[in-house]
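Here's a quick briefing to read alongside the model. Have the sequence and the 3D view open as you go.

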Amino acid sequence: MSAIQLKAIRESFFTAVFSLLGHIANCDGYINRNEIKRTQAYMDKMELSAHCRSEAIHLFRAGASPTFDIYKSLIDFREAAQSKPNIIQVLLVYLISMARTDGKLVKKEMDVVKQVADALGYSSIVFDHLLNMIVAQDTFEKTASS
């Protein structure tokens, strides 16, 4: 894989993840403090520069907009992800984690995550398995930290 292809994958992932995080955070009608903290934690984890953080915030806000087109946002990502299918799973983990930020699965948020998975060709069986793994991991981490 060439450096140009890797750059395209990184850029499409960056755009997809932050716009979709904004969309999921706002799909229940409002964005709460925990969802903002979760997004900031992702920015920290990615060690984003000030410029990239600013761009991520812009993408998050665009995703939270009522005019956001979820399918249009996935076109470039889906094309780029064909050569690196594991990146779809990474995106879904981020989105599921956002949907679970409040400690429970909010139906509207999970419906959006399932739409994304479907649009990216992720089977419902594999998606359910991924979801169950994340829920089990979260439960384990909460139990271990108590």
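This is a predicted model: local features need pLDDT of at least 70, side-chain atom pairs count only at pLDDT 80 or more; totals for chains, interfaces and linings use all residues.

Residues are numbered from 1 along each chain as its sequence is written, and side-chain values use heavy atoms, with hydrogens and water left out.

**α1 against α4**

- Helix α1 (residues 3-26) and helix α4 (residues 70-81) have axes that come within 9 Å and cross at roughly 150°. Helices here are DSSP runs of H or I with at least four residues, numbered from the N terminus; axes are lines fitted to C-alpha atoms over the stretch in contact, with angles running from 0 to 180 degrees between N-to-C directions.
- The two helices, α1 and α4, are therefore roughly antiparallel (angles over 145 degrees count as such, and angles under 35 as roughly parallel).
- Their crossing, α1 with α4, is left-handed, meaning the near helix is turned anticlockwise from the far one by less than a right angle; clockwise would be right-handed.
- On the α1 side, A8, I9, S12, F13, A16, S19, L20 and H23 meet I70, S73, L74, D76, F77 and A80 of α4, where contact means heavy atoms within 4.5 Å.
- That α1–α4 contact divides into 9 nonpolar, 4 polar and 1 charged. Here Ala, Val, Leu, Ile, Met, Phe, Trp, Tyr, Cys and Pro count as nonpolar, Asp, Glu, Lys and Arg as charged, and the others, Gly among them, as polar.
- D76 sits in α4, and its C-alpha atom is 6.2 Å from that of S12, 64 residues away along the chain.
- With a relative accessible area of 56%, D76 is exposed (over 50%; buried is under 20% and partly exposed is in between, with a 1.4 Å probe and protein chains only).

**α1 against α5**

- The axes of α1 and helix α5 (residues 86-99) come within 10 Å and cross at roughly 20°. That makes α1 roughly parallel to α5.
- α1 passes α5 in a right-handed crossing.
- I9, F13, A16, V17, L20, L21, I24 and A25 of α1 make this contact with I87, V90, L91, Y94, L95, M98 and A99 of α5.
- The α1–α5 contact residues come out as 15 nonpolar, no polar and no charged.

**Salt bridges**

- You'll find 3 salt bridges in the structure (a side-chain nitrogen of Lys or Arg within 4 Å of a carboxyl oxygen of Asp or Glu).
- K7 pairs with E11, their closest N and O atoms being 3.4 Å apart. Both lie in α1, 4 residues apart, about one turn of the helix. K7 is partly exposed at 46% relative accessibility, and E11 is partly exposed at 43%.
- R53 and D44 meet at 2.8 Å, N to O. R53 is partly exposed at 26%, and D44 is partly exposed at 49%.
- D111 bridges to K107 at 3.0 Å between the closest N and O atoms. Both belong to helix α6 (residues 107-119), 4 residues apart, about one turn of the helix. D111 is partly exposed at 34%, whereas K107 is exposed at 61%.

- Most residues other than glycine have a negative phi. E47 has a positive phi of about 50° although it is not a glycine.
- E47 is in the loop between α2 (33-45) and α3 (50-64), and is exposed with a relative accessible area of 71%.

Methods: Angles under 35 degrees count as roughly parallel, over 145 as roughly antiparallel, 65 to 115 as roughly perpendicular and the rest as oblique.
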